[in-house]
Structures are given as C-alpha cells and as structure tokens.
Amino acid sequence: MRKYFIEFLGVIVVLYAKLLTHANPIVMGIVYISLFFIGQDILTGFYSPLTAVASYALGRSSSQDMLYNILSQTIGMVVVILSFKPIHDMIL
C-alpha cells in the first residue's frame, strides 16, 4: 500500500512541477531524478500510466500491480486537476 501512496504523491509532484514551471526541462529533470531517489527502495517509479502498462507488457509487473498503479496515478491526476486553479490563482 505504501508504494501506491508514493506513486500518488509522485504524480502530484510531477504534474505541479510541469504546470508551475511551464515544463522547464531542467526543472523536470531535477524533479524526476529526485523522485527516483526518494522512491528507489519502495517502488519502481513509474509516475505515468503508460510506463505502468509497458512494465506489465514486458512481464516486469503483475496485472494487479499495474491496475493499482494506474488507479493511484489517476487519483493523483484528479487531485491536481481539482486543486491547481485555486493554488495557481493564489500564487499569481
């Protein structure tokens, strides 16, 4: 359960970094590297439904693990969608 929570938080961090920095490649690189180091012993660090599906297709994860990853990532995306506008208006 802990790895899916880290996956959820990672998606939130990646999406906020992308939205608030207008996808600055240097910042995005730092964010991804940081998240991989933070979660390296807990999870494989997908942070994207596409990579979760690719891992399943390559046989590196089970179908249940893939579904839980995609579910936690989708919930993280919904949280960012619902919370970005108020935070963005507060910053600017």
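Biologist: Is asparagine 69 buried or exposed?

Modeller: Start with the accessible area. Under 20% relative accessible area, a residue counts as buried. Asparagine 69 has a relative accessible area of 3%, so this residue is buried. Keep in mind that the model is predicted.

Biologist: Where does asparagine 69 lie, and what is it in contact with?

Modeller: Asparagine 69 belongs to helix α4. For contacts, set aside the neighbours within four places in sequence. Then Tyr4, Glu7, Phe46 and Ala52 are in contact with asparagine 69.

Biologist: Let me step back. How many helices and strands does the protein have?

Modeller: There are 4 helices and 0 strands. Along the sequence, the pattern reads α-α-α-α.

Biologist: What radius of gyration does the protein have, and what would a compact globule have?

Modeller: Compare the value with what the chain length predicts. For 92 residues, a compact globule would have a radius of gyration near 12 Å. The protein has 14 Å, which agrees. The C-alpha atoms fill a box of roughly 45 × 25 × 20 Å along the principal axes.

Biologist: What share of the residues counts as buried?

Modeller: Of the 92 residues, 32% count as buried.

Biologist: And what do the contacts say about sequence distance?

Modeller: Take contacts between residues at least 6 apart in sequence. Of these, 61% join residues at least 24 apart.

Biologist: Give me one example. Which residues is isoleucine 12 in contact with?

Modeller: Beyond its neighbours within four places in sequence, isoleucine 12 is in contact with Gly76, Val79 and Val80. Isoleucine 12 sits in helix α1. Its relative accessible area is 15%, so isoleucine 12 is buried.

Biologist: Now helix packing. At what angle do α3 and α4 pack?

Modeller: Read two values, the angle and the distance between axes. Helix α3 spans residues 49-57 and helix α4 spans residues 63-91. They pack at about 180 degrees, with axes 9 Å apart. Angles over 145 degrees count as roughly antiparallel. Therefore α3 and α4 are roughly antiparallel to each other.

Biologist: Which residues of α3 and α4 meet?

Modeller: From α3 come Pro49, Ala52, Val53 and Tyr56. From α4 come Ser63, Met66, Asn69, Ile70, Gln73 and Met77. Sorted by class, this contact has 7 nonpolar residues, 3 polar residues and no charged ones. Asn69 is the buried asparagine from your opening question, and Ala52 is among its contacts.

Biologist: On to charges. How many salt bridges does a search of the whole structure find?

Modeller: The search finds 2 salt bridges. To read one, check the distance between N and O atoms, then ask where the partners lie.

Biologist: Which residue forms a salt bridge with lysine 3?

Modeller: Aspartate 65 does, with the closest N and O atoms 3.2 Å apart. Lysine 3 lies in helix α1, residues 2-20, and aspartate 65 in helix α4, so the pair ties together parts 62 residues apart in sequence. Lysine 3 has 29% relative accessibility and counts as partly exposed. Aspartate 65, at 13%, counts as buried.

Biologist: How far apart in helix α4 are aspartate 89 and lysine 85?

Modeller: They are 4 residues apart in helix α4, so about one helical turn separates them. Aspartate 89 has 44% relative accessibility and counts as partly exposed. Lysine 85, at 53%, counts as exposed.

Biologist: Last topic, the backbone. What is the phi of histidine 22?

Modeller: First the general idea. Most residues other than glycine have a negative phi. Histidine 22 has a positive phi of about 55 degrees, although it is not a glycine. Histidine 22 lies in the loop between α1 and α2, helix α2 being residues 25-38. With a relative accessible area of 72%, histidine 22 is exposed.

Biologist: And what is the phi of alanine 23?

Modeller: Phi of alanine 23 is near 60 degrees, again positive in a residue other than glycine. Alanine 23 also lies in the loop between α1 and α2. Its relative accessible area is 35%, so alanine 23 is partly exposed.

Conventions
Residues numbered from 1 in each chain as written. Predicted model: local features only at pLDDT ≥ 70, side-chain atom pairs only at ≥ 80, totals over all residues. Heavy atoms only, no water. Axes fitted to C-alpha atoms, helices over the stretch in contact; angles between N-to-C directions. Helix = DSSP H or I, 4+ residues; strand = E, 2+ residues; numbered from the N terminus. Parallel < 35°, antiparallel > 145°, perpendicular 65-115°, else oblique. Contact = heavy atoms within 4.5 Å. Nonpolar A, V, L, I, M, F, W, Y, C, P; charged D, E, K, R; others polar. Salt bridge = Lys/Arg side-chain N within 4 Å of Asp/Glu carboxyl O. Buried < 20%, exposed > 50% of the residue type's maximum accessible area, 1.4 Å probe, protein only. Rg over C-alpha atoms; globule rule 2.2 N^0.38 Å.
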